[in-house]
Amino acid sequence: MKPYRVVTNGMSGADVQAVKGGIVARLRARRFGGLPKAWDSTMGPRFADMAGDALHALGAAPSTVSAARHGRLTVGAQRMLLAHRRTPAQLARATARLPTTRRRAKASRQPGPSKPRIVRLQAAMANNQGSIGALTGTVGHYTAGPRPGTRSGDLSYFRQYNAQHRGQGWGAIGYHYGLAIDGTILLLRPASWRGCHTAGANTGRLGIVVNGGPGQRMTAAQRASYRWLLNNAHTSAMPASHRASARLSSLPGVGKVHKDYNATSCAGDFTTDYRSAA
Ligand SMILES: [Zn+2]
């Protein structure tokens, strides 16, 4: 077998490269079992599912795959498994026996092909900061805190930060949008309210935040959602209370980060993601 090489394109942090290296090592050793928990928190649960399905399709024995993961095989992975040593006619008949999974996959599809899932924080907020004014840009941040590795974990941390920022007298969480690990856009402070995320530079600037700290990078899903946000936050695809008053990607100050305005290391290595997708 031709040796695999881990390809790095400069866009991935050390954690992502470690996961790539781990997958290659497993393929080489033909170890197709469940994926290490740590990979979920690095790449997000969607990636873990996808990688698990791919390894399974490549030859994982069902007994080495958890029942839960086995039951969540995508239609694509099931087709790959069914295709093994079957004639096209047999494959067509076998695939026709998967209507439930296929229906479920179709129902969960979002209206636009690239529109991410959008979820409200659903926490008490009040505006005591006035109006954000005419938009001039975006400011990217990290929380300098834990990166939980699941969407529900991200939501739970942002609810905590909402309570903390209210306790500081800010009325609501300081940022306007959160990017969950799986690419879900979390609606935080309403877009027309002035934020509390960048001292002296909150007027006209929407704050965007990810859970995590130095040395970490966005997942591909987070980068895709960030790009979607910059191009679509002003459209009817965004709920009215969180809709931007202008196309963010056209603003002169799009893709800035906290350290562009204040003496801070925020947004760490996420800075590359905030700048490159803008
Ligand atoms: Zn910051």
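Tutor: Let's start on the outside: Q122 counts as exposed, because its relative accessibility is 67%. (Buried means under 20% relative accessible area, exposed over 50%, and partly exposed in between, using a 1.4 Å probe and protein chains only.) Before going on, keep in mind that this is a predicted model, where local features need pLDDT of at least 70, side-chain atom pairs count only at pLDDT 80 or more, and totals for chains, interfaces and linings use all residues. Residues are numbered from 1 along each chain as its sequence is written, and side-chain values use heavy atoms, with hydrogens and water left out.

Back to Q122: it sits in the loop between β1 (118–120) and β2. Strands here are DSSP runs of E, at least two residues, and helices are runs of H or I, at least four, numbered from the N terminus. Q122 isn't a glycine, yet its phi is positive, near 55°.

Follow the chain through β2 and you reach A144, in the loop between β2 and α8 (151–167). A144 also has a positive phi, near 55°, without being glycine. With 57% relative accessible area, A144 is exposed.

Now for β2 itself, residues 137–142, which pairs with β5 in the parallel sense over 6 bridges. Two strands count as paired if DSSP finds at least two bridges between them.

Next, the metal. Which residues hold the zinc ion? H141 (ND1), H258 (ND1) and C266 (SG) coordinate it, at 2.1 to 2.3 Å. A donor is an N, O or S atom within 2.8 Å of the metal (3.2 Å for Na, K and Ca), and since water is not among the atoms, sites may look incomplete. Along the chain the donors are spaced H-x116-H-x7-C.

H258 is buried because its relative accessibility is 13%, and C266 is buried too, at 4%. A267 belongs to the loop between β6 (253–257) and α10 (270–276).
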